[in-house]
Amino acid sequence: MLPFRLQPLLLALLLSYPAFSLADPVNNGKAGIPPVQISGNTEISAIKPIPEVNLWNRIRQGYGIPDLQGTLVNSQLNWYSTRSDYILRTTERASHYLYHVVEELEKRGMPTELALLPFIESAFNPLAVSSAKASGMWQFIPSTGKDFNLKQNMFQDERRGVLDSTDAALTYLQRLYDMFGDWQLALAAYNWGEGSVQRAIKKQQAAGLPTDFNSMSYLMPKETQNYVPKLQAVKNIIGNPDYFNIVLPKVENQPYFASVEKTRDIDVRVAAQLAELTLAEFKELNPQFNRPIITGSADTKILLPADNVEIYKNNLSKWEGPLSSWTAYTVGKSERIESIARRVGAAPNVLKDVNQVPANMMVKAGSTLLIPRTTRSEDNDISQLVVDHASLSMTRDDTRQIYLTTSKKDTLGSIARRYKVSAEQIKDWNNLKSDTLKSGQKLHIEVAAASAKRDTGRAIVISAARKSVALNRKTKKITVAEARLAKKHG
């Protein structure tokens, strides 16, 4: 008897018949392929399932957390289901990251609805920051981030990195599940802390009460009471969007991005240009970089849309300009950004913006700043030692700028002693090349506010005169005496 060949039309008819299913009831309804008896003595055991093309279906098929019921779930379901615009914005943002998260969950054998957890944590915004300083798509606070080896330094914050934060979050969730043996309690612990959940369990056990989520939720803060119900609500909507009149964006079951390894420093702007992406598009996949430079390292990776990887590599091979325009500088004692900016030929506000220094703050000695590269440093990348230990310490800027015009008797030393600063500082502030001063030379000096208030010398009088002239100019009334004083002292 010739082997029976199953034709495509027959297969379609079989699949449409209600009693025939490729689902394995023993495996919680998940797709399995048990042998199918076609005739009395003929068995087909190698029917391959059609690959899923819709990532939403793949997520639904991997649901594995028991459903939560109750008024809290109904309340959250009502909130989300009546905000279709919010659902659409969040799911569109999620579409860039979901494939990777689902892949990682399936590798670990974890329920796929956990891929929806950033919906609750951050609305899938990797740049989200909470009032408790939790950051990234998975909302790690600094201490928990360190517990899971997420680097947080001046140059990058891996709590925001798509690959690193996802790996850390799933590792943490699996650890919590192993601790409690219950996904709902594991989720509560992710939000509230494992210690808090453990204490709640002990309290329930001492009272002879159940220790499931619903039974213990009254012991939890409001945020945690609603946390698991929120995930259940989103799970229900993703599971059956038609029922809620919501149209989900199409998300193909294939990688959205790919990683590219790099070993040289490169500006974020240049990397985006080479990949032919806007800065916003590049930062969506690489939000962990805190500065305009991506420092070189064997472990450093950048993420690009899969279709742009070859574009990036091809453009990089033809690039002839510098990859990076920034280098690191350690602030010396009594140095200010203004003097550093003059030395490197940059505007002070540019250095403050790049280094994220507020206008009313000054940088402490020993801090690391990014400054423009010079011809001497253009071939030298920032060392890994600097990257790992770079810090930026600031204090409130309580200094005052004093302006003066030198007399014949003034020297660098006498002025330095008068204002309790060093001669080198005066030279640095005024970009002086010589130690000799000329009569009538204009200088500015930076002193502590208290010293400026105590000083009753010529410089304060000049400052007051200038202020008076400035105020009177608004009303176009300047006295002859004020005009002469202003002219005399510049």
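Helices (H or I, at least four residues) and strands (E, at least two) are DSSP runs, numbered from the N terminus. The model is predicted: local features need pLDDT of at least 70, side-chain atom pairs count only at pLDDT 80 or more, and totals for chains, interfaces and linings use all residues. Residues are numbered from 1 along each chain as its sequence is written, and side-chain values use heavy atoms, with hydrogens and water left out.

**Exercise 1. Helix α5 and the residue after it**

Task: State which residues of helix α5 (residues 98–108) are buried, what they pack against, and which residue follows α5.

Solution. 
- Step 1. Buried means under 20% relative accessible area, exposed over 50%, and partly exposed in between (1.4 Å probe, protein chains only). In α5 the buried residues are L98, Y99, H100, V101, V102, E104 and L105.
- Step 2. With contact taken as heavy atoms within 4.5 Å, these buried residues pack against α2 (55–61), α4 (84–94), α8 and β3 (257–261).
- Step 3. G109 follows α5 and has a positive phi, near 70°.

**Exercise 2. Salt bridges**

Task: Give the number of salt bridges in the structure, then describe the pairs D157 with R159, R175 with E194 and R343 with E335.

Solution. 
- Step 1. A salt bridge is a side-chain nitrogen of Lys or Arg within 4 Å of a carboxyl oxygen of Asp or Glu. The structure holds 18 of them.
- Step 2. Between D157 and R159 the closest N and O atoms are 2.8 Å apart. D157 is buried at 7% relative accessible area, and R159 is buried at 8%.
- Step 3. R175 and E194 meet at 3.3 Å, N to O. R175 belongs to helix α8 (residues 162–180) and E194 to helix α10 (residues 194–206), so the pair ties together parts that are 19 residues apart in sequence. R175 is partly exposed, at 40%.
- Step 4. R343 and E335 meet at 2.9 Å, N to O. R343 is partly exposed at 44%, whereas E335 is buried at 12%.
- Step 5. A network of salt bridges links R264, D265, R373 and D381.

**Exercise 3. The surroundings of R336**

Task: Place R336 in the chain and list the residues that R336 touches.

Solution. 
- Step 1. R336 is found in the loop between β7 (326–330) and α16 (337–344).
- Step 2. R336 is buried, with a relative accessible area of 8%.
- Step 3. Leaving aside residues up to four places away in sequence, R336 touches M362, D397, T399, Q401, W429 and E446.

**Exercise 4. Packing of α19 and α20**

Task: Describe how helix α19 (residues 412–419) packs with helix α20 (residues 423–430).

Solution. 
- Step 1. Axes are lines fitted to C-alpha atoms, for helices over the stretch in contact, and angles run from 0 to 180 degrees between N-to-C directions. The α19 and α20 axes are 8 Å apart, at an angle of about 100°.
- Step 2. Angles under 35 degrees count as roughly parallel, over 145 as roughly antiparallel, 65 to 115 as roughly perpendicular and the rest as oblique; α19 and α20 are therefore roughly perpendicular to each other.
- Step 3. L412, I415 and A416 in α19 meet A423, I426 and K427 in α20.
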